[in-house]
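Please open the model in your viewer and keep the selection tool at hand.

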Amino acid sequence: MPTVRTRFAPSPTGYMHIGGMRTALFNWLWARHNGGQFILRIDDTDQARNQEAALGPILRAFRWLGLTWDEGPEVGGPHAPYYQSQRGELYKAAAARLEADGRAYRDYATKDEIDADRKQADREKRPYINIRRSLELSDSQKAAYAAEGRTWVLRFLVPRDQKVVLHDQIRGTVEWDAALLPDPVILRGDGTPLYNFATVIDDAGMQITHVVRAEEHLSNTPVQLLLHQALGNVLPTYAHVPYVAAPGSKEKLSKRKIEQYRNNPQFRKMFEKGDEVFPQLGLTGTTALDPVMVEYYERIGYLPAAVLNALGRIGWSLDESTEIMSLATLIENFTLDRVVKAPAGFDPDKLYSFQGHWMKELPLDEKLAGCLPYLVQAKLIIEPVPAEMRQFVEAVIVALGERLKVFSDILAAAYFFRDDYAVDEKNFEKRVRKTGVPAHLAAFRQQLASVDPFTVPALEAALQAYCEEKGEQTGTLIHALRLSTTGQPVGPGVYDCLVLLGREKSLARIDAALARV
RNA sequence: GGCCCCAUCGUCUAACCCGGUUAGGACACAGGGUUUUCAUCCCUGCAAUGCGGGUUCAAAUCCCGCUGGGGUCACCA
């Protein structure tokens with residue numbers, strides 16, 4: 001058995017699609033599971049755009065998730081270059097070989113001609129295939145075309161007398177009638193290759209053993225199989241995984257439909273989180289992040305472990321009950337035969353639940369390291385962060401406990417870092433501006449001034465003693481205290497809040513709250 | 001429309017290959033308990049084999065048809 005080699009071949013689009021990431025993960029997992037290699041190859045046969053900028057976010061996503069590539073951009077490898085735009089000679093040579101063998105032909109047909117043929121086929125309700133008029137051309141006609149500078153494309157001559165059979169690792173045996181396949185263009189008028197052709201050359205040249213890709217490529221497969229056959233290549237094993245669908249649907253998750261997704265009930269919360277967080281980070285306008293992009297989750301403060309776990313469970317399962325899986329568990333157990341055939345909807349709720357789990361597992365120092373950049377970027381603290389501030393942030397994180405689901409949740413505790421924090425007016429009305437409450441608050445405030453030490457147990461004892469003496473519910477004061485010192489109806493334990501704020505600031509905030517009653 | 005793929009709770013899935021389970025788990029949702037907030041945690045509940053034939057003692061499971069959903073039909077990838 002040769003070493004397993006898989007590849008992921010993104011086109012530099014300027015962002016990494018979450019569905020594409022899942023496909024990449026499956027490739028990566030299969031390679032790692034077998035101790036093989038994972039290759040990153042850039043499909044930029046069509047690009048005239050700024051490649052560096054468009055590729056950056058894609059590599060960033062792989063790095064963020066920790067999916068290393070053995071060969072590809074930046075790391076090179078024995079089959080370099082890994083950019084299709086730099087492999088032109090290889091394609092031209094292969095194309096020339098096909099042409100010499102009579103397996104490809106120069107097609108002089110114009111766009112209009114082909115369009116007309118297509119319409120005609122449509123009218124006659126028969127499938128369109130090329131009429132191949134160029135094959136009939138005499139040498140003098142060809143010479144005449146050449147003289148007038150007429151361009152041609154190179155088409156693969158589909159052998160129409162056979163059936164193409166694919167033994168797909170996931171879908172089983174799929175069969176096509178080659179007689180129904182149009183002759184694909186393999187070289188454009190300018191001599192550059194098309195995806196379908198370049199892929200075949202590269203998969204063979206880079207000795208890819210397993211082509212694991214999304215099922216939308218299934219219909220490209222017969223042509224690729226024929227091309228491999230014509231070139232005398234050893235066939236790779238194919239595995240077409242289902243595409244990732246929009247939440248709650250069977251439709252392919254697509255960036256073009258992003259505006260529709262805002263109204264998707266399962267997606268809505270994810271959009272809202274971004275709307276809430278990104279402005280605070282100064283990430284607006286041109287950055288245009290959305291939940292189809294991997295970067296969206298990174299920026300909100302999701303953990304790679306959570307995203308990986310969620311992606312690994314879309315269309316794949318380990319057994320009848322395992323849900324929580326680390327990357328190591330995924331590597332150990334991943335096999336293609338357990339990939340589900342039906343498309344699966346991306347489930348933001350489930351991702352959030354995985355996130356809760358992995359965040360809970362994260363050591364405190366890593367939580368701190370994850371949260372600090374958010375506070376800095378939101379200008380709640382300044383860099384370099386002094387040691388005392390780091391300690392303070394750490395204490396806030398401890399107080400937040402499992403309320404901190406994603407790193408950006410630290411921003412909800414902004415009131416620990418600034419005095420002009422937002423006040424929830426509705427709850428202030430309900431918990432503070434209420435008969436009898438201001439008086440109790442004022443009275444307890446006096447006790448607060450002398451509670452010593454200013455610690456959670458001491459504060460709790462003081463409050464309980466006060467309430468017992470006055471015959472008041474502790475909840476009354478707890479809520480009033482929380483609203484007046486943090487402005488929020490929810491948050492860490494109120495004694496934790498007071499201690500974190502410190503005596504001085506607590507008293508000042510209570511005074512301010514009393515003043516605005 | 002042609003070609004191709006797919007079909008179990010609202011969602012992600014297990015069981016299907018090698019027919020016999022009270023059709024299991026998780027998320028979400030609902031209710032209860034703990035925490036005088038919220039989050040966590042614990043318990044309980046809700047909830048599925050698209051339809052029709054066939055094979056068989058027995059079908060989610062095998063076969064056929066239908067219906068439904070989806071993908072793809074470029075000098076895009």
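Begin with the largest pocket, whose lining has twelve nonpolar, eleven polar and eleven charged residues. This is a predicted model, in which local features need pLDDT of at least 70 and side-chain atom pairs count only at pLDDT 80 or more, while totals for chains, interfaces and linings use all residues. Residues are numbered from 1 along each chain as its sequence is written, and side-chain values use heavy atoms, with hydrogens and water left out.

Select Phe-8, His-17, Gly-20, Glu-216 and His-217, which lie nearest the centre of this pocket among its 34 lining residues. Then colour α1, which gives the largest share of that lining, four residues.

Now select Met-21, Phe-62, Tyr-297, Ile-410 and Phe-416, which touch the most other members of the largest nonpolar core, a set of 100 residues. Such a core is made of buried Ala, Val, Leu, Ile, Met, Phe, Trp, Tyr and Cys residues joined through side-chain atoms within 4.5 Å, where buried means under 20% relative accessible area with a 1.4 Å probe, protein chains only.

Finally, centre on Phe-62 and show its contacts (heavy atoms within 4.5 Å): leaving aside residues up to four places away in sequence, Phe-62 touches Phe-8, Met-16, Met-21, Ala-24, Phe-38, Leu-40, Leu-67 and Trp-69.

Notes: Chains are lettered from A and ligands numbered from 1 in the order in which they are written. Buried means under 20% relative accessible area, exposed over 50%, partly exposed in between (1.4 Å probe, protein chains only). On a 1 Å grid over the protein atoms alone, a cavity is a set of points where a 1.4 Å probe fits but cannot get out, and a pocket is an open set with protein on both sides within 12 Å along at least five of seven lines; lining residues have an atom within 4 Å of a point. Helices (H or I, at least four residues) and strands (E, at least two) are DSSP runs, numbered from the N terminus. Ala, Val, Leu, Ile, Met, Phe, Trp, Tyr, Cys and Pro count as nonpolar, Asp, Glu, Lys and Arg as charged, and the others, Gly among them, as polar.
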